[in-house]
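Dear colleague,

I am handing over a structure that will be new to you, and I would ask you to look through it before reading my notes. The notes follow directly below it.

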Amino acid sequence: MGEDEFRSAMARLAGAVVLVTAHDEDDGPTGAPAGMTATAFLSVSLDPPLVLVSVRGGSRMDEVLEQSGRWAASLLGAEQRVLAGRFAMSGRLSDRLLFREVPHTLGELTGAPLVEGALATLECETESRVEAGDHTLVIGRVLRTALAPGAEDPLLYYRGDYRRLD
């Protein structure tokens, strides 16, 4: 099987869209928020509560998550498509500028941005990191969760585009 065939096969797997965030202590004198859109995010265990996110190895977010050890995930709703796109773009504006436009609060346990209006937010502490090809799998213990009242449909990623349940 070739790389193109593999990509085509994996594009047929729908994934949830999550904004993974952290506080980057090395960005300026007081640090700054960092974020990335992730579509490889899943629950690993209920007891203890563990989640996994896959990040590109050597990326800025990979380095931030390795340094900070604490991070957050905001599970995005169907109405947050533009937000997901902004944090998925390569060569984008600085995260510091992007977060000025994103309504959020800072997690009490992580200092990471928690997106207002997300279906749910999770604050996590890294349990382990596993190198897997060109990505790093970050397994986090969930420290705190919050559910949005009246949650809407989730934002999904399928065949290279953001989708909603129909």
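Of the 166 residues of the protein chain, 40% count as buried, where buried means under 20% relative accessible area, exposed means over 50%, and partly exposed is anything in between, with a 1.4 Å probe and protein chains only. Please keep in mind that this is a predicted model, in which local features need pLDDT of at least 70 and side-chain atom pairs count only at pLDDT 80 or more, while totals for chains, interfaces and linings use all residues. Residues are numbered from 1 along each chain as its sequence is written, and side-chain values use heavy atoms, with hydrogens and water left out.

The protein chain has 4 helices and 12 strands, which are DSSP runs numbered from the N terminus (helices H or I, at least four residues; strands E, at least two). Its radius of gyration is 15 Å, close to the 15 Å that the globule rule gives for 166 residues, so the protein chain is as compact as a globular protein of that length; the radius is taken over C-alpha atoms, and the rule is 2.2 Å times the number of residues to the power 0.38. Among contacts (heavy atoms within 4.5 Å) between residues at least 6 apart in sequence, 62% join residues at least 24 apart.

Helix α2, residues 60–68, has M61, D62, V64 and L65 as its buried residues. These cover an arc of only 165° around the axis, which puts them on the same side of α2, the arc being that of the directions from the helix axis to the C-beta atoms. On the other side of α2, E66 and Q67 are exposed. The cover over the buried residues of α2 includes, among others, the strands β2 (18–24), β9 (120–132) and β10 (135–147). Just after α2, G69 takes a positive phi of about 80°.

Strand β10 also holds I139, which is buried, with a relative accessible area of 17%. Not counting residues up to four places away in sequence, I139 touches L50, V51, L52, E125, T126, E127 and S128. With one of these, T126, the C-alpha separation is 5.8 Å, although I139 and T126 are 13 residues apart along the chain.

Finally, a word on helix α1 (residues 3–11), where M10 is found. M10 is partly exposed, with a relative accessible area of 39%.

Best regards
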